[in-house]
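Please work through the exercises below with the sequence and the model side by side, trying each task before reading its solution.

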Amino acid sequence: AEDALRQAQKMEAVGQLTGGLAHDFNNLLTGIVGSLDLLHRRAAQGRYGDMDRYIAAARGAADRAAALTHRLLAFSRQQTLDPRPTDLNALVHGMADLLRRAIGPHITLEVDTPDALWTTLCDPHQLENALLNLCINARDAMPRSGRLSVATANSRMDAAEAKARDMVPGPYVALRVADTGTGMAPEVIARAFEPFFTTKPQGQGTGLGLSMVYGFARQSGGQVRIDSTPGRGTTVTIYLPRCEGEAEIDPGGHRLAAPLTA
Ligand code: ADP
């Protein structure tokens, strides 16, 4: 669970890094567009004098932009998933203290994890990050006070519902994070999974939280759903596929997996 806090801090750093890269990339594009405009004007005037210089400048900037995107791609490929049979209830309970600290004393945390929850197949560390991200969003939506509920449930997706959600029909485990906060307007919901989309003041939001949650869920064969009413609150549900059999005990003794004494 402490890992998750470190991950959250790393996420902030990632946000700054990618924000910085995007800024550099944009500067390079501005240089390229400027050189092309100049070339265009000179060509129109029939002045072919030092065209080579501008072409070389544009070419150099394009090369540097390509190097930047390669760096970004190499970085994002590092975030590979390591799916394991995971006990979601154990994971949620393992995170409860950390979540309480993350949301602060003005928000009440309710944890509801019914017995007989199916085992799910996903990367438990990425799931911890996702849960922490959702709870931090919920906290930000409840500046004064409120209730944060984290609940798990078995969920069977029939053909019609699965089709509507672009999922495979079958058994899933649902992780629901509900708050009594500001809620989200439909146009915010529509863009919420976009990387870098944020409504938070500059320096406070990276706009990466929900896009990472979405990427994780989709890569895991699951889905994310947002239900929100402005002025009332938001519920975000992550669906993850069920995995037959017992949750694994992490070789590192990580407490995400099912406890030995169950
Ligand atoms: P960030 O939190 O850095 O802004 P996210 O991708 O996590 O980035 O969220 C994108 C936007 O979605 C937020 O800026 C906010 O407007 C909205 N949002 C996310 N979660 C909630 C929530 N629980 N309540 C209200 N709005 C939310």
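This is a predicted model: local features need pLDDT of at least 70, side-chain atom pairs count only at pLDDT 80 or more; totals for chains, interfaces and linings use all residues.

Residues are numbered from 1 along each chain as its sequence is written.

**Exercise 1.** Describe how helices α3 and α4 cross, and which residues make their contact.

Solution. Begin with the elements themselves: helices (H or I, at least four residues) and strands (E, at least two) are DSSP runs, numbered from the N terminus. The axes of α3 (residues 88-103) and α4 (residues 124-140) come within 10 Å and cross at roughly 35°, where axes are lines fitted to C-alpha atoms, for helices over the stretch in contact, and angles run from 0 to 180 degrees between N-to-C directions. Next, list the contact, for which C-beta atoms, placed from the backbone, must lie within 7 Å: among the residues of α3 are Leu91, Met95 and Leu99, and among those of α4 are Leu127, Leu131 and Arg139.

**Exercise 2.** Work out the strand order of the open sheet, and find its edges.

Solution. Two strands pair if DSSP finds at least two bridges between them. Five strands, with mixed pairing, follow the order β2-β4-β5-β7-β6, and the edges are β2 (107-112) and β6 (223-229), each of which pairs on one side only. From one strand to the next, the twist averages 20°. Within the sheet, β4 (residues 146-157) and β5 (residues 170-179) run antiparallel and are joined by ten bridges, and serine 149 has alanine 178 of β5 as its bridge partner. Finally, α4 packs on the sheet, where it touches β2, β4, β5 and β7 (233-241), and its direction makes about 30° with that of β5.

**Exercise 3.** Examine the hairpin of β6 and β7, and say which residue takes a positive phi.

Solution. The two strands, β6 and β7, run antiparallel and are joined by seven bridges, with threonine 229 standing opposite glycine 233 in β7. Three residues lie between the strands of this hairpin, and glycine 231 takes a positive phi near 85°.

**Exercise 4.** Identify the closest residues around the ligand, and the element that supplies the largest share of the shell.

Solution. The ligand is surrounded by 21 residues, the closest being Asn137, Ala141, Thr198, Gly205 and Gly209, where a residue counts as near if its C-beta atom, placed from the backbone, lies within 6 Å. Both α4 and α7 (209-219) supply at least two residues of this shell, and the largest share, three residues, comes from α7.

Note on methods: Two residues are in contact if their C-beta atoms, placed from the backbone, lie within 7 Å.
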